[in-house]
Amino acid sequence: MELTEVTKFRRAVLTGLARFTWQGTLPEHIYDILYSVVTEDSPRVRCCVHKERAVLKNRINMALGLTVGLNIVEASKIALTEPVNKALPIIDVLPEACDQCPIDKFLVTDACRHCVAHKCMNKCPKKAITIHQNRAYIDKTKCIECGMCKKVCPYGAIIEISRPCERSCALNAIHAGADRKAKIDTSKCVECGSCRSACPFGAIDERSNIVQIIQAIRAGQRVHALLAPSFIGQMGFKVTPPQIVAALKKMGFAAIEEVAVGADMTALHETKEFMEKVPARQKYMTNSCCPAFVALIQKHLPNEADKVSTTVSPMVACGRYVKSEYPEAVTVFIGPCIAKKGEARKFSDAIDYVLTFEELACMMAGAEIDPATLASESYINQASGFGISFPLLKGVQGALNHTLEELEETQVQAHYASGLEVCLDDMKKLASGKLPCQYFEGMACVNGCTDGPGALAESGLVSVLIKKYASESQHKTVHGDTTAVKAVKKVDMEVR
């Protein structure tokens, strides 16, 4: 994740909230966050200190998991004592931060030479272009934004402008409202987090439950950390998995589970589901482990929704297994994905909260715990190499094909797509019969689960570390993970 000023502000808020929640003094000290992050002498990134603090209040409300605009002292008390409001969207706009970017799509620049040919005028189908003060002028009341003027201008003097948030969204789920501020269409949004990363003003953020999780630990509840397979390297290149486990235990987590075991469970059950359905009942099946990809199909290709695997994701499988062993457990999934927060709401029987790696790092900083300084404990990875490799390129279909091979079945004709735009295009081809495929593996993030918006480390580095970690696994086959084999018989693996 790129360390921008926006990132620094977000992490300062999360770390401050974590620190004062750990200390049990959040309501009394929440204004300390406001006045320490934005001081009278700190460099300005907006017009004045008052504007910056107004934006920061919005960010604090979001980090508390609440409605933007609440008094932050009252909001902190609500976050500490009341249940999470699951009706609020995961991704939302900070109204004080949105800079009301220009909404005119085509703009004539100073490069216009007032040439004699006037190609822009001649090619405009609506005669929306005239000459004023020796340069072309676009009448926005007539312009249909066809782009013909931009194409024909010999000087390239007409440019196309789009908002960074709109440009980042492959599903057209974000647009400018009547007040020119960004609006998110939840009927289209799949909570991938691309717009949050793209906005240069930090005007889009996700809601957090960092305060509620710390409160559960402080209250003495049995809180389990469910680590996504891509946790390797997230806290630093030299920080080992045992050190991360030690840091989580020091914070107060009762137990640490590797979701890679859940990936083995998913591979076992999804392989069985595939053998039953394809091709006997349907031509193809897709994975179900990426919630943003699943939401893409449900919201934008509803006719193909029945092709999505009904096997639960590794996160849900792991959560259900923990709950079956410890019914009183509070389960916290920790990974690189924002969309998992929405998935957790749908599977509240399995997952109570979700943290991104970024939120986890802030939670550790608030507790003044540095995993790099902790002694490494004896630790053996729990899953098979295939389960650990789920986040990698073609990792899901690799586990599926391997499991089929173990069962002496023919391997499938699989297709891999990453990035929502590619996923949508390829799914349309598949639905129309133009893409030969029996199993479609779709990932919303361009580089898959190693590159989620909540990740800390560079995707390529994490991939290398995951491969090394997978090669060290004591279980060389999916069926070799005896924990997963037993759990998949005990746990309900179906989407309900």
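User: Why is Cys 143 called partly exposed in this predicted model, and not buried or exposed?

Analyst: The relative accessible area of Cys 143 is 24%. Buried requires under 20% and exposed requires over 50%, so a value of 24% falls in between and Cys 143 counts as partly exposed.

User: What makes the sulfur of Cys 143 too far for a bond with the closest cysteine sulfur?

Analyst: The closest cysteine sulfur belongs to Cys 149, at 6.4 Å. A disulfide needs the two sulfur atoms within 2.5 Å; the pair is therefore too far for a bond.

User: How do you know that Cys 362 is in no disulfide?

Analyst: The nearest cysteine sulfur to that of Cys 362 is in Cys 337, 18 Å away, against a cut-off of 2.5 Å. The count of disulfides under this rule is zero.

User: Why is Cys 362 called buried?

Analyst: Cys 362 has 4% relative accessibility. The limit for buried is under 20%, so Cys 362 counts as buried.

User: Is Glu 52 buried or exposed, and what is the value behind the label?

Analyst: Glu 52 has a relative accessible area of 4%. Glu 52 sits in helix H3, residues 49–63.

User: Which residues does Glu 52 touch, leaving out those up to four places away in sequence?

Analyst: The contacts of Glu 52 are Phe 9, Val 38, Pro 43, Arg 44, Val 45 and Arg 46. To be listed, a residue needs heavy atoms within 4.5 Å.

User: What makes the pair Asp 306 and Lys 307 a polar contact?

Analyst: The two side chains come to 3.3 Å, and the cut-off is 3.5 Å. The residues are adjacent in sequence, a case that counts only if both atoms are side-chain atoms; here the contact runs from side chain to side chain. The pair therefore qualifies.

User: Where is Asp 306 placed?

Analyst: Asp 306 is in the loop between helix H12 (291–300) and helix H13 (314–325). Its C-alpha atom is separated by 30 Å from that of Gly 385, 79 residues apart along the chain.

User: How do you know what lines the largest cavity?

Analyst: A lining residue must have an atom within 4 Å of a grid point of the cavity. For the largest cavity, 25 residues line it, and Cys 289, Phe 333, Cys 337, Lys 340 and Cys 449 lie nearest its centre. Helices H11 (259–277), H12 and H13 each give two or more residues to this lining, and H11 gives the most, three. The volume of the largest cavity is about 320 Å³.

User: How many cavities reach 30 Å³ or more, and what is the volume of the second largest cavity?

Analyst: The count is eight, and the second largest cavity has a volume of about 170 Å³. Its lining has 14 residues, with Val 84, Ile 90, Asn 209, Lys 341 and Arg 345 nearest the centre. The classes there are six nonpolar, three polar and five charged. Helix H14 (339–346) and strand E13 (353–356) each supply at least two lining residues.

Note on methods. Residues are numbered from 1 along each chain as its sequence is written. This is a predicted model: local features need pLDDT of at least 70, side-chain atom pairs count only at pLDDT 80 or more; totals for chains, interfaces and linings use all residues. Side-chain values use heavy atoms; hydrogens and water are left out. Helices (H or I, at least four residues) and strands (E, at least two) are DSSP runs, numbered from the N terminus. A polar contact is a pair of N or O atoms within 3.5 Å; within protein, one must be able to donate a hydrogen and the other to accept it, and residues adjacent in sequence count only if both atoms are side-chain atoms. On a 1 Å grid over the protein atoms alone, a cavity is a set of points where a 1.4 Å probe fits but cannot get out, and a pocket is an open set with protein on both sides within 12 Å along at least five of seven lines; lining residues have an atom within 4 Å of a point. Grid points are joined across faces, edges and corners, and a volume is the space filled by probe spheres set on the points. Ala, Val, Leu, Ile, Met, Phe, Trp, Tyr, Cys and Pro count as nonpolar, Asp, Glu, Lys and Arg as charged, and the others, Gly among them, as polar. Buried means under 20% relative accessible area, exposed over 50%, partly exposed in between (1.4 Å probe, protein chains only).
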